[in-house]
Amino acid sequence: MRGLSIILALLLGACAASPPPPTDDSLYRGLGELPGITRIVEGMLLNAARNPRITHHFADVDIERLRDKLIEQICVEAGGPCVYTGDSMEESHKGLNIDRGDFNALVEDLIDAMDAEGVAVPVQNRLLARLAAMRGQIIGR
C-alpha cells in the first residue's frame with residue numbers, strides 16, 4: 001500500500017494545481033486533530049533527520065520554525081482551524097534544488113510517520129493528494 005500512496009501523491013502532484021482548503025474537517029479529524037498532526041510532523045522530521053538521502057537539506061534550517069510551519073500547513077490542508085503564516089512554497093524552497101528523489105524521500109518519511117500514528121491509508125492518501133498539489137512549487141526551485 002505504501003507504494004500506492006507515493007504513486008498517488010506523485011501523479012496528482014504532477015498535474016494538479018493547489019486546491020482550496022477543504023470545506024469539512026474530516027481529514028483533520030482523521031489525522032488526530034492538532035495533537036495528531038503535531039506527532040506526525042515531529043515523526044516525519046525525525047525520520048528525515050535519519051534519512052541519508054535528504055538530511056543535508058535540513059542542516060541549516062531552524063527546525064523549530066519548520067516544525068511549527070509544517071504543523072500549520074498540514075492543519076490548514078486538512079481542513080483544521082489553523083492559519084498558515086509561513087512563506088510560499090516557492091520562496092521556502094528557493095535555491096534548495098530539491099529534486100524528485102528528495103521529494104519522494106520526504107513523502108516516504110511522512111508516510112512512515114503517519115503509519116506510526118496509526119493513520120488509516122485512505123486518510124493518508126487524502127492528505128498526500130492535497131500536499132502533492134504543491135510538488136511543482138517545491139521541485140527544482
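If a disulfide is taken to be a pair of cysteine sulfur atoms within 2.5 Å, the count here comes to one disulfide. The structure is a predicted model, and in this model the bond joins cysteine 75 and cysteine 82, whose sulfur atoms lie 2.1 Å apart. The torsion about the S-S bond of cysteine 75 and cysteine 82 is about 80 degrees, so this disulfide is right-handed. Cysteine 75 has a relative accessible area of 0%, and because buried means under 20% relative accessible area, cysteine 75 is buried.

Turning to the protein as a whole, the secondary structure consists of eight helices and zero strands, so that, read from the N terminus on, the elements run α-α-α-α-α-α-α-α. Of the 141 residues in the protein, 43% are buried. Among the contacts with a separation of 6 or more, 77% are between residues 24 or more positions apart.

The axes of helix 6, which covers residues 100–116, and helix 7, which covers residues 121–132, come within 11 Å and cross at roughly 150 degrees. Because angles over 145 degrees count as roughly antiparallel, helix 6 and helix 7 are roughly antiparallel to each other, and their crossing is right-handed. On the side of helix 6 the contact is made by Val107, Leu110, Ile111, Met114 and Asp115, while helix 7 contributes Gln124, Leu127, Leu128 and Leu131.

Note on methods. Residues numbered from 1 in each chain as written. Predicted model: local features only at pLDDT ≥ 70, side-chain atom pairs only at ≥ 80, totals over all residues. Heavy atoms only, no water. Buried < 20%, exposed > 50% of the residue type's maximum accessible area, 1.4 Å probe, protein only. Axes fitted to C-alpha atoms, helices over the stretch in contact; angles between N-to-C directions. Helix = DSSP H or I, 4+ residues; strand = E, 2+ residues; numbered from the N terminus. Parallel < 35°, antiparallel > 145°, perpendicular 65-115°, else oblique. Left-handed = near helix turned anticlockwise from the far one by under 90°. Contact = heavy atoms within 4.5 Å.
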